[in-house]
Amino acid sequence: MEAPELLSLNKFNVDEQEPHIVIDQEICITCGKKPCLYICPARLYRLDKNEQISFDYAGCLECGTCRVLCQKKGILKWVYPRGTFGISFRYG
Ligand code: SF4
């Protein structure tokens, strides 16, 4: 199986009440390279038509890459989702 197929096997229970990742748009807009656009394996960071970062934590693989590589500390909060929420990895 290819990676997209394998990823599609995963199950998500999104915590709609409490996001586990929160970003600060005011900081992100000052970031030149915006590495989050390229390093997130789930491609959850995108640029909107106003050149602002658009981010949705639903679909997060909880890998922590964005937290490590964010250069401007635009990620205000990064924690694992509360119990029973988040991703359940399925390996086929
Ligand atoms: S933790 Fe990983 S999958 Fe989740 S938003 Fe950050 S880079 Fe993307």
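Let's start with Lys-34. Lys-34 sits in the loop between α2 (25–28) and α3 (36–39). A word on those labels: helices (H or I, at least four residues) and strands (E, at least two) are DSSP runs, numbered from the N terminus. Lys-34 is buried, at 11% relative accessible area. Buried means under 20% relative accessible area, exposed means over 50%, and partly exposed is in between (1.4 Å probe, protein chains only). What is the phi of Lys-34 near? It is near 45°, a positive value in a residue other than glycine.

Quick ground rules before I go on. This is a predicted model, where local features need pLDDT of at least 70 and side-chain atom pairs count only at pLDDT 80 or more, while totals for chains, interfaces and linings use all residues. Residues are numbered from 1 along each chain as its sequence is written, and side-chain values use heavy atoms, with hydrogens and water left out.

Now Thr-84. Thr-84 also has a positive phi, about 75°, although it is not a glycine. Look for Thr-84 in the loop between β5 and β6. Is Thr-84 buried or exposed? Exposed, with 69% relative accessibility.

Take Val-68 next. Val-68 belongs to helix α4 (residues 65–69). Val-68 is exposed, at 64%. Now find Val-68 and Thr-84 together on the screen. They are 16 residues apart along the chain, and 25 Å separates their C-alpha atoms.

On to charges. How many salt bridges does a search of the whole structure find? The count is 2. A salt bridge here is a side-chain nitrogen of Lys or Arg within 4 Å of a carboxyl oxygen of Asp or Glu.

Here is one of them. Asp-15 and Arg-82 meet through their side chains, 2.7 Å from N to O. This pair links distant parts of the chain, 67 residues apart: Asp-15 is in the loop between β1 and β2 (21–23), and Arg-82 is in the loop between β5 (75–78) and β6 (86–88). Asp-15 is buried, at 4% relative accessibility. Arg-82 is partly exposed, at 38%.

Here is the other. Glu-18 forms a salt bridge with Arg-82, and the closest N and O atoms are 3.9 Å apart. Again the pair links distant parts of the chain, with Glu-18 in the loop between β1 and β2, Arg-82 in the loop between β5 and β6, and 64 residues from one to the other. Glu-18 counts as partly exposed, at 36%. Put together, Asp-15, Glu-18 and Arg-82 form a network of salt bridges.

Stay with Asp-15 for a moment. A polar atom of the Asp-15 side chain lies 3.1 Å from the backbone nitrogen of Gln-17. Which residues does Asp-15 contact, leaving aside neighbours within four places in sequence? Tyr-57, Arg-82 and Phe-85. Contact means heavy atoms within 4.5 Å.

Next, Asn-10. Asn-10 is in the loop between α1 (3–7) and β1 (11–13). Asn-10 is buried, at 8% relative accessible area. A polar atom of the Asn-10 side chain lies 2.9 Å from the backbone nitrogen of Arg-90. Not counting residues up to four places away in sequence, Asn-10 touches Leu-61, Ile-87, Ser-88, Phe-89 and Arg-90.

Now the cysteines. How many disulfides does a search of the whole structure find? The answer is 0. A disulfide is a pair of cysteine sulfur atoms within 2.5 Å. Take Cys-70. The closest cysteine sulfur to that of Cys-70 is in Cys-28, and at 6.1 Å this is too far for a bond. Cys-70 is partly exposed, at 26%. Cys-63 is partly exposed too, at 45%.

Last stop, the ligand. There are 14 residues around the ligand, and Cys-40, Cys-60, Cys-63, Gly-64 and Cys-66 come nearest. A residue is near a molecule or strand if one of its heavy atoms lies within 4 Å of it. By class, the shell holds 11 nonpolar, 2 polar and 1 charged residues. Ala, Val, Leu, Ile, Met, Phe, Trp, Tyr, Cys and Pro count as nonpolar, Asp, Glu, Lys and Arg as charged, and the others, Gly among them, as polar.

Terms used. Polar contact = N/O pair within 3.5 Å; in protein donor to acceptor, adjacent residues only side chain to side chain.
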